[in-house]
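Biologist: I would like to learn how to read a structural model. Can we start with a loop and then turn to a helix pair?

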Protein chains: 2
Amino acid sequence: MRIGELSRRTQLPIATIKYYQREGLLPPGERTRPNQVGYGELHVLRIRLVRALTEVAGLSIAAIRELLAVMDTPDIPVHQVLGAAQRSLPSAPEPSNDQRWSAALREIAELVDRRGWRVNPNNPGLRAAATVLVTWRELSGDNRAGLLDGYADGVERIAAADLAAVRERGNLEDMVQVVVVGTLLGDTLIAALRRLAQEDASARLFTTGPGIHPVPAPSDPDHAAVDPCSPT
Amino acid sequence: MRIGELSRRTQLPIATIKYYQREGLLPPGERTRPNQVGYGELHVLRIRLVRALTEVAGLSIAAIRELLAVMDTPDIPVHQVLGAAQRSLPSAPEPSNDQRWSAALREIAELVDRRGWRVNPNNPGLRAAATVLVTWRELSGDNRAGLLDGYADGVERIAAADLAAVRERGNLEDMVQVVVVGTLLGDTLIAALRRLAQEDASARLFTTGPGIHPVPAPSDPDHAAVDPCSPT
C-alpha cells in the first residue's frame, strides 16, 4: 500500500508517519517503482504498537527506539526482551538517598527473599517499590507488613498469568510482541481490575447497600449495557 | 509553628504553601496574635498528602480538591471515600464508542459476573479495563481469556490486602487516610512488585542463568546492598 492508505488504515497523519520514520521507529517502505514506496501489514502493526506505547504506556520516543531495537534483534531470548520492556518504563524520581530510603530498599529485598523470588539487583522494581514505600510510610504510618505480603501474593499470580500467555505463543516474534504489550499495558489493566475487586471487598466489609459509585439513572443506555448485576 | 517552619518541615517553598491555601487544598492557620498565624501537625500531614497526590499519583489540583472535600466530610462512610479515591484518578481517553469497545466492555462485565464481584456499573475500572483491552487485542491478538482470569485472581488478593489494611485502623480518620493513600499509591507499588515477580517467573521458564537485567559490578555499593541472593 502507499503512504496515504497506511495513514488511513492507522488513522495517523502522513506527517506523523514521516516523523516516526525520521526517529527510527518505523522501517522504510519498499521501493516498488522509481517514484513509489510501498508499505505492508508489518508497518501497520508497528505503527499501532508505537502509538500504544506513547499514548497508553506513556513511553518517550527515545525509550521506544531502544525497546524496538531489542525487539528487532534476531533470535533474542524472550527473557531479555522482558528486561528491556521493564527498563523502558519511566520511573518516579527517587528520594535523596537517605536512611528512610535505604530502610525501605532493605524491606523490599527482604520481601523478595521471603518469597524466594530470583531477582537481579538491577531490576527497576526494587528501587521503584522502595520509593513508593517511603512516601506511603510518611503519609499513613508504619503498619504495612501484611499489606506487602498480600500484594506479593497477588503479583505472583499476575506474573504467572503473564508468562503463561507468553509461553502459549508458537513463535518467537509473537512472544516478543506479547511480552512488550503485556508488560506495558498490563499495569493499566491491573489497576482497572483492582478498582473492581476493591469495590467488591469494600462492599462485603463495610456496607449492605448497592455500591460505592453513584448509580446512573436506569434509562442511561451507556451504563445499563455493562451492569453485571442486571437480571437478563 | 509559623509559615517559615512549616516550609522547612515540609521542604515546600512558602509561595507553594500559599498557593495550596488559595486553591483550597490547605486549611488556614490559626490566628495566634493579631499579626501572626500558627500551623500544626495537621498542616504538615496535609501538605505531604497533597504533594504525594500530585507527584506520585499524578492527580490534578481540581481532583485533589474534590477528594479532600470528601475526606473532610464528618462521619463519611469509608466505602464512599474509596469510591471518591477511585474516581479521582485520571483515565485514558476512551476509543470512539465502536463495536470493538462494546465487545470489550461486555467481556469485562462477564469477568465481573464470573468472579461474583459486586460492582456498580459506574465503577471507573469497567471502562478503563475495556479501553486497555481494545488496544491490547489490536496489538497482540485475541488469546487473553486465561490472562484476564489470572489477573482477576491476583487483584482479588490485592484488594483483600487493601481492605484488611483499612479495617485494622482504629479510627475513621486513619481509615480514610489509608484508603486514599493505598488506592492512589498502591498502583505504583503493585506495578513495581509485578516487575520482580515477572523476572522470577521468566527465570524459571526461560533461563537457567542469573537474570534479565545487566548485573552491576560487585563493587557497586548501591546494588550490593539490595542483592537478595548475596550470601551473608
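**Reading a loop and a helix pair**

Modeller: This is a predicted model. Start with accessibility: Asn122(A) has a relative accessible area of 25%, so Asn122(A) is partly exposed.

Biologist: Where is Asn122(A) found?

Modeller: Asn122(A) sits in a loop of chain A, between helix H6 (99–115) and helix H7 (124–140). Asn120(A) is in the loop between H6 and H7 too.

Biologist: Is Asn120(A) buried or exposed?

Modeller: Buried means under 20% relative accessible area. Asn120(A) has 3% relative accessibility, so Asn120(A) is buried.

Biologist: Which backbone atom does the side chain of Asn120(A) reach?

Modeller: The side chain of Asn120(A) reaches the backbone nitrogen of Asn122(A), at 2.8 Å. For a polar contact, the N or O atoms must be within 3.5 Å.

Biologist: How many residues apart along the chain are Asn122(A) and Arg87(A)?

Modeller: They are 35 residues apart along the chain, with 9.5 Å between their C-alpha atoms.

Biologist: Now the helix pair. At what angle do H4 and H5 of chain B pack?

Modeller: Angles over 145 degrees count as roughly antiparallel. Helix H4 (residues 61–71) and helix H5 (residues 78–88) of chain B pack at about 180°. H4(B) and H5(B) are therefore roughly antiparallel. Their axes are 10 Å apart.

Biologist: Which residues of H4(B) and H5(B) meet?

Modeller: From H4(B), Ala63(B), Leu67(B), Val70(B) and Met71(B). From H5(B), Gln80(B), Val81(B), Ala84(B), Ala85(B) and Ser88(B). By class, this contact has seven nonpolar residues, two polar and no charged ones.

Key:
Residues numbered from 1 in each chain as written. Chains lettered and ligands numbered in written order. Predicted model: local features only at pLDDT ≥ 70, side-chain atom pairs only at ≥ 80, totals over all residues. Heavy atoms only, no water. Axes fitted to C-alpha atoms, helices over the stretch in contact; angles between N-to-C directions. Helix = DSSP H or I, 4+ residues; strand = E, 2+ residues; numbered from the N terminus. Parallel < 35°, antiparallel > 145°, perpendicular 65-115°, else oblique. Contact = heavy atoms within 4.5 Å. Nonpolar A, V, L, I, M, F, W, Y, C, P; charged D, E, K, R; others polar. Buried < 20%, exposed > 50% of the residue type's maximum accessible area, 1.4 Å probe, protein only. Polar contact = N/O pair within 3.5 Å; in protein donor to acceptor, adjacent residues only side chain to side chain.
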